[in-house]
Structures are given as structure tokens and as C-alpha cells.
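Take a moment with the sequence and the fold before reading on.

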Amino acid sequence: MHTQTGNDTELNCKRNGSRFNIEKNCILYHNGVRYPCRTKNISISGVLISAQEFPPSNLNLGDTCGLSFSNEIISTIGEYESKVTRIGQSMVALNYISLAY
């Protein structure tokens, strides 16, 4: 079920665990396109990411996408398969589904 809160649209699911504010570079993969972005906060079950000119217009609640963490030198090995759980102005919340190496 989708709910509307202010400018955000979200699925009715909560992240587990404490959230930690952290800003790191990451890459969102959706429909074959890479979107550079930054984490805003992270927990054991999901992450809030943001970027300018974001979210992509074709990104919808419930979509499956990939997320990898990176810095200027390296990207992590593997990609977190994730589900879009909230879309707001310049931000997207994801719940992790699995980790693929």
C-alpha cells in the first residue's frame, strides 16, 4: 500500500535497526542507467540516498534496483539489490533485498 506524506510517496514498510547519518558516494543502478548519488543515512536493512536532479522520472515505488558504495578511488565489490520504498524530492529510500558479488 502506498501513502502520501507531504511531497513524499512511500510503501508501508519500516527499516530495521538504528539509522546512522553518513554521507558517502554511491551509485544507483536502475533500468541499465548509473546514477551517482550520496548516502544520507544507513541502517542494517536500508539506506536513504540523494542527488541533484533526482530521483529519475522512471523510478517507481516497489522497483528493484542496484546500489554500490564507492569513493574516488574504488567501488565496493558487489551490488546491493534493493527495493524502492520511498521517493521524495531529491531523495530515495531503499530496503536491501540481497547482496550480489
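This is a predicted model: local features need pLDDT of at least 70, side-chain atom pairs count only at pLDDT 80 or more; totals for chains, interfaces and linings use all residues.

The protein chain holds 9 strands and 0 helices. Read from the N terminus, its elements run β-β-β-β-β-β-β-β-β. Of its 101 residues, 43% count as buried. The exposed surface comes to about 6,200 Å². Carbon and sulfur atoms supply 50% of that surface. Contacts also reach along the sequence: among those between residues at least 6 apart, 51% join residues at least 24 apart.

Now turn to strand S7, residues 64-69. Which strands pair with S7? S4 does, in the antiparallel sense, over 4 bridges. S8 pairs with S7 too, again antiparallel and over 4 bridges. Single residues mark these pairings. Cysteine 26 stands opposite phenylalanine 69 of S7. Cysteine 65 has serine 82, in S8, as its bridge partner. How enclosed is S7? Buried here means under 20% relative accessible area. By that cut-off 5 of the 6 residues of S7 are buried, so the strand is largely enclosed by the rest of the structure.

The largest nonpolar core has 18 residues. Leu28, Ile49, Phe54, Val84 and Leu94 touch the most other members. Strands S4, S5, S6, S7, S8 and S9 each give two or more residues to this core.

What does leucine 94 contact, leaving aside its neighbours within four places in sequence? Its partners include Leu28, Ile49 and Val84. Cys65 and Ser82 are also among them.

Conventions: Residues are numbered from 1 along each chain as its sequence is written. Side-chain values use heavy atoms; hydrogens and water are left out. A nonpolar core is a set of buried Ala, Val, Leu, Ile, Met, Phe, Trp, Tyr and Cys residues joined through side-chain atoms within 4.5 Å. Buried means under 20% relative accessible area, exposed over 50%, partly exposed in between (1.4 Å probe, protein chains only). Contact means heavy atoms within 4.5 Å. Two strands pair if DSSP finds at least two bridges between them. Accessible areas come from the Shrake-Rupley method with a 1.4 Å probe; for residues, only the protein chains shown count as cover.
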